[in-house]
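Take a moment to look over the chain from end to end before settling on any single part.

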Amino acid sequence: MSKERLYLFDTTLRDGAQTRGVDFSVEDKRNIALALDRLGVDYVEGGWPGANPTDSAFFAAPPALSRARFTAFGMTRRPGRSADNDPGLAGLTGTTAPAICIVGKTWDFQVDVALEIPRSENIDIIGDSIAHLRAKGREAMLDAEHFFDGYKANPAYALDCLKAAHGAGADWVVLCDTNGGTLPHEVSRIVATVADAIPGIRLGIHAHNDTDNAVANSLAAVLAGARQVQGTLNGLGERCGNANLVSLIGTFCLKSDFADRFETGITEKALSHLTQTSRLLDEILNRSPNKHAPYVGQAAFAHKGGLHVSAVLKNPRTYEHVPPEAVGNERQVLISDQAGKSNILARLRDVDIELDPKDSRIDRLLEEVKEREFLGYSYDGADASFELMARRVLGQVPDYFFVDSFKVLVERRYNARRELVTVSEAIVRVQVDGQKMLSVGEGNGPVNALDAALRQDLGKYQSYIDDLELVDFKVRILQLGNGVAQGDGPISVDRWQAGTGAVTRVLIESADKTGNRWSTVGVSANIVEASFQALADAIVFKLYRDGAPAGTGPAE
C-alpha cells in the first residue's frame, strides 16, 4: 500500500520568536531557515512581514530554499475593509512568499469580546481573505485560532468558520489549540468530527504545550485525520511553547504506527542530522541544549552502570527504543571507549572523509573530540572547526601562516568633538614562508580590531581572504561553581578542583562573496584569546577549502 503524505510546517521563526528571551536577527533567521530546508521540512514560516523591521528585512531578501515553501504569516482582512483594500493582506501578497498563512478567529467568545463585530461578519472576513490570497496565486492557509475552545463552546459556529475558508478555496485549514488546554482524547474526537463534517477539507494541527501535551495532541490529530503538523524546533513558543517538531519528526520517521502509514519529506540521511539541527538552534540562541530532550538530548541514550549497561553492551535494543545514530545522536556508555565512534564516522562522511571503521586514526580523533569537549568546545554549531580538527589529526591541513604574537589595546578617550569614545586597536605579528609581518587594525571592539589586523596582510594568501567577512559573533560563559559546571560541563581539571572560575566559548560565523558560510569555535579563560582561535580557524578553513598552497614554515 502507498503511504499517505504528511506535511511538516515549521513556525520557529514566527511563533517560536515569541518565546521569552528569544530575539532572532536576520542572520539567525536565515541560518535556521536553511537548516530546516536541509532537514526536509515542507513549510518554513518566516515571520510576519511588516510587523517589525527584522521580519520586513528578512522577507525583502528571503533565503534561497531548495525544497521548503517559504511562508508569510498575517491576519484576515480588517472589519470594514475589503480584501482588495486591506493593508495587512497587501503586505503579505507584496512579498514573494509562495505560501501565506493567515489567522482567523473561530471561537464566538473571541469574536464577541476581541473583535466586537457580528459573528456573521467574522465568517465573511475569513472567506473573503482566503479568496483574495487564492486570486493572487498564493497557497492559502487558515490558522483557525482558538478552534478547539471554540468548538467545545459552539460547535456549529466553529464549523461554519472552517466551511467559509474551505469554500473559498483554502489549501489548508489548521486547527489551533491556541491556549494549549485541550487534551489528546478531545483532539482525537474533534478532529475526526471535523473531517466527517467537511468532506475534502485538508486539515492541519497547531498545538501549544500548556498542559505538556502538544506533541501528544499533534500525534492524536494525525491519527484522526490531520495531514499537516505545525511546530517549532525544540518546542520554542510563547508561554509553555509549541509542539516540539524535533520530537514529532523522530516519531513520524521511526515509529511504525506512523512510519508504516505516512511519509514525510525527511529522508533517512536528513534524519541523521536531527540532533545537529536541534543543537544548532541552541547555539544560535546562545543557550545550553536540553540534555534530556527526547531523541536529541545528550542523555537520551545515556546508560549508567549496573544491569542496564551490561544489557546494552550485549544488545542496545534492550534499553534503547530507537538507534541513536538514526537521529544523529550517540550512545553514552560510561565504561565503553567505543561510545561516539559511529557519530564521528557519520560526521566525517558529511565532509567527504571516508575512513575504514577499523582505522586507528578514528580512535585518535574520538579521543581528541572528547578531550576538547571536556575543555568546553562544542562542534554542533562549528562544522568548520570540526572538519579542521579531523583533517589535522589525519595530517591533511598544511601550515599556511604562523602567529608569533598579538596584542589588543582598548582606550576610552574624548575625541576632537569632546565626545567620549572607546577605540580598540590590535597588533598581530605573523610569519608567511618565513617572512615576518606586523599588521595593525582598529575596530569598535577588541574582536573587530583583531579581525581587521589578522586579515590586513597575509602575504601570498591575501587574495584568498579579501572577500572573507565576519557575519556573526556569539559568546557563552561556561561558569563553574562548587565543582559543578553551570554551562556545558567541567572545563579543566584545575578549575574543576578549585570549584571556581569561568571559561569563555566564542562562536564565529564567516562568509565570502560566493555565498559560502562556515562557523568556527574558540575556547579560553580569556575572551580575546577564544575569539582569536575562532578567527584564525575561519581563515585557515577558507585557505584549505579554496586550495591555497602550503607555506614553507616559520623562520628559525
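What follows is a walk through a predicted model, beginning with the chain as a whole and ending with individual residues.

Consider first the overall build. The chain contains 21 helices and 19 strands, and its C-alpha atoms fill a box of roughly 85 × 70 × 45 Å when this is taken along the principal axes. For 556 residues, a compact globule would have a radius of gyration near 24 Å, and the chain has 27 Å, which agrees with that expectation. Of the 556 residues in the chain, 53% are buried, where buried means under 20% relative accessible area. If we take the contacts between residues at least 6 apart in sequence, 68% of them join residues at least 24 apart.

We can now turn to a single helix. In helix H9, which covers residues 214-224, eight of the eleven residues are buried, so this helix is largely enclosed by the rest of the structure. The buried residues are Ala214, Asn217, Ser218, Leu219, Ala220, Ala221, Val222 and Ala224. Just after H9 comes Gly225, which takes a positive phi of about 135°.

Most residues other than glycine have a negative phi. Asn286, however, has a phi near 60°, a positive value in a residue other than glycine, and Tyr295 likewise has a positive phi, near 70°. Asn286 lies in the loop between helix H13 (274-285) and strand S11 (302-303), and Tyr295 also has its place in the loop between H13 and S11.

Is Thr12 buried or exposed? Its relative accessibility is 0%, and therefore Thr12 counts as buried. When its neighbours within four places in sequence are left aside, Thr12 is in contact with Ala17, Phe24, Ile32, Gly231, Thr232, Leu233, Leu236 and Leu281.

In one of them, the rings of Phe147 and Tyr151 have their centres 5.9 Å apart and their planes at 40°, so the pair is tilted. Phe147 and Tyr151 both belong to helix H6 (residues 147-153), where they are four residues apart, or about one turn of the helix, and both of them are buried. The rings of Trp518 and Phe541 have their centres 6.0 Å apart and their planes at 40°, so this pair is tilted as well. Because Trp518 lies in strand S19 (residues 517-524) and Phe541 in helix H21 (residues 527-545), the pair ties together parts that are 23 residues apart in sequence. Both Trp518 and Phe541 are buried. Ring pairs also link Phe58, Phe59 and Phe70 into a cluster.

Although Val540 and Asp399 are 141 residues apart in sequence, they are 8.8 Å apart in space, C-alpha to C-alpha. Not counting residues up to four places away in sequence, Val540 touches Leu388, Arg392, Val397, Tyr400 and Phe401.

In strand S19 there is Ser524, which is buried with a relative accessible area of 15%. Ser524 and Thr504 are separated by 20 residues in sequence and by 5.5 Å in space, C-alpha to C-alpha. Leaving aside neighbours within four places in sequence, the contacts of Ser524 are Val503, Thr504, Glu529, Ala530 and Gln533.

Notes:
Residues are numbered from 1 along each chain as its sequence is written. This is a predicted model: local features need pLDDT of at least 70, side-chain atom pairs count only at pLDDT 80 or more; totals for chains, interfaces and linings use all residues. Side-chain values use heavy atoms; hydrogens and water are left out. Buried means under 20% relative accessible area, exposed over 50%, partly exposed in between (1.4 Å probe, protein chains only). Contact means heavy atoms within 4.5 Å. Helices (H or I, at least four residues) and strands (E, at least two) are DSSP runs, numbered from the N terminus. The radius of gyration is taken over C-alpha atoms; the globule rule is 2.2 Å times the number of residues to the power 0.38. Rings of Phe, Tyr and Trp (its six-membered ring) pair if their centres lie within 6.5 Å; planes under 30 degrees apart count as stacked, over 60 as edge-to-face and the rest as tilted.
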